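Keep the view open as you read.

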Amino acid sequence: MNKENTNKNLAWLGILVVILVSSNLRSPITAVSPILDEIKNVFHLDNLEASLLTSIPLFVFATCSILVSKAAAKINIRTGLLISLIILIVGLYIRIYGNVATLFAGSLILGLGICIGNVLTPAYIKNIFPNKIGIMTGVFSVAMSLVAALASGLSIDLGKWTGMEWKGSLGIWIIGGILALIVVSAELMTGKKTTQTATSAIATTKFNIFKSKQAWSISIFMGLQSLVYYCLVALLPTVLVDFGMQKSETGWVLFVLQMAMLPVMLFSPVLATKMKNQKNLIYLTGGLFLIGLLMLTILKSQLVYVSATLIGIAGGLAFSLSILFFSLRTKTMYGTIKISGKSQSVGYLIAACGPPIFGKLHDWDISWQYSFYFLIICVLIMTYFGKKASEPRYIEDH
């Protein structure tokens with residue numbers, strides 16, 4: 001009975017690790033946008049300099065994920081999460097220190113901390129919850145997205161509540177990092193034996209991730225679904241204002257889009273793990289994206305909340321499947337770490353190209369139609385590679 005109770009406690013501790021770590025993987029970034037004007041005024045930044053506060057972490061994800069995956073495969077998975085949280089907390093503190101240099105340096109450092117967490121958390125789920133990968137991937141996705149949405153929505157109010165203005169809005173997320181650090185430390189001590197066993201086993205399989213066609217399919221699928229998401233998050237409010245919508249209302253459209261993602265993120269991984277081939281979910285994802293984008297292209301602001309809901313459901317499906325493929329298409333935790341690193345490097349490089357292209361196409365066509373045609377083409381390509389990624393093949397073999 002004592003052993004059974006101990007295992008249950010360890011399981012709950014593992015769930016807390018997933019929730020608290022994932023809660024810190026987007027909120028330090030999404031908290032910036034609402035208070036960006038305040039930061040610009042305090043430090044006299046121009047628009048380009050201000051935009052770097054959100055783009056620097058994304059650049060770190062793109063350039064460092066593969067390097068992180070190589071280093072992480074050689075250490076205890078829990079130790080890696082511990083290191084990621086320490087780096088994140090240091091970056092969060094430095095970012096609010098009070099001058100321009102620390103503002104950007106902190107953004108770079110916290111980006112590295114988040115990058116390590118991004119790569120390791122799917123591998124942690126595969127290692128600790130091998131029979132619950134679907135539900136735990138859902139928990140991971142929902143916790144990350146929900147807290148990110150709250151960070152964005154409450155950022156201004158948190159600054160007022162703390163009495164520290166922008167420093168309070170950004171600095172309060174240090175508390176979340178510390179909570180996660182405490183739980184991971186506790187889990188590291190109680191779960192040390194199982195981790196060492198799993199970690200020693202991962203080194204037995206060696207393969208070249210860049211020669212795997214399956215790995216490329218997963219990486220491109222993840223990149224293109226991210227591209228569509230970031231284009232809309234960055235520029236949809238501007239598009240809707242041009243379509244005649246009140247600026248104050250455009251934020252609610254994004255809110256609906258992101259809220260529509262959450263229930264799908266929780267339940268779709270569970271459904272997907274029961275399927276040998278997830279191609280039907282890929283087709284559903286592509287279809288919902290296409291209908292939502294075509295509605296925006298043709299109907300503009302009419303039925304915009306319906307369009308946002310369809311796109312949100314599609315985005316939730318796409319993101320969840322991307323993360324789930326890291327576990328379903330690998331034989332070992334070592335493989336999961338490698339595909340997680342590669343997919344996030346390739347994926348964020350692809351995604352980073354989206355908003356500039358989307359915006360540039362508007363310079364050629366003020367109706368935004370070319371911009372939406374670009375996204376539609378990306379969705380079609382995404383669906384093709386998603387179908388390839390959904391095929392029941394391991395990256396180690398293909």
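**Cysteines, helices and a surface patch**

The structure holds zero disulfides. The model is a predicted one.

Student: Is Cys 115 buried or exposed?
Tutor: Buried means under 20% relative accessible area. Cys 115 has 0%, so Cys 115 is buried.

Student: Which cysteine has the sulfur closest to that of Cys 353?
Tutor: Cys 353 is partly exposed, with a relative accessible area of 43%. Its closest cysteine sulfur is 9.9 Å away, too far for a bond. That sulfur belongs to Cys 231.

Student: Which residues make the nonpolar surface patch of about 380 Å²?
Tutor: Patch residues need over 30% relative accessible area. Leu 179, in helix H9 (residues 173-190), has 46% and counts as partly exposed. The patch is made by Ile 175, Ile 178, Leu 179 and Ile 182.

Student: How many Å apart in space are Leu 16 and Lys 70?
Tutor: Leu 16 sits in helix H1 (residues 2-23). Leu 16 is partly exposed, at 40% relative accessible area. In sequence, Leu 16 and Lys 70 are 54 residues apart. In space, C-alpha to C-alpha, they are apart by 26 Å.

Terms used:
Residues are numbered from 1 along each chain as its sequence is written. This is a predicted model: local features need pLDDT of at least 70, side-chain atom pairs count only at pLDDT 80 or more; totals for chains, interfaces and linings use all residues. Side-chain values use heavy atoms; hydrogens and water are left out. Patches are made of residues with over 30% relative accessible area and no salt bridge: like charges are joined within 9 Å, nonpolar side chains (Val, Leu, Ile, Met, Phe, Trp, Tyr) within 5 Å. Accessible areas come from the Shrake-Rupley method with a 1.4 Å probe; for residues, only the protein chains shown count as cover. A salt bridge is a side-chain nitrogen of Lys or Arg within 4 Å of a carboxyl oxygen of Asp or Glu. Helices (H or I, at least four residues) and strands (E, at least two) are DSSP runs, numbered from the N terminus. Buried means under 20% relative accessible area, exposed over 50%, partly exposed in between (1.4 Å probe, protein chains only). A disulfide is a pair of cysteine sulfur atoms within 2.5 Å.
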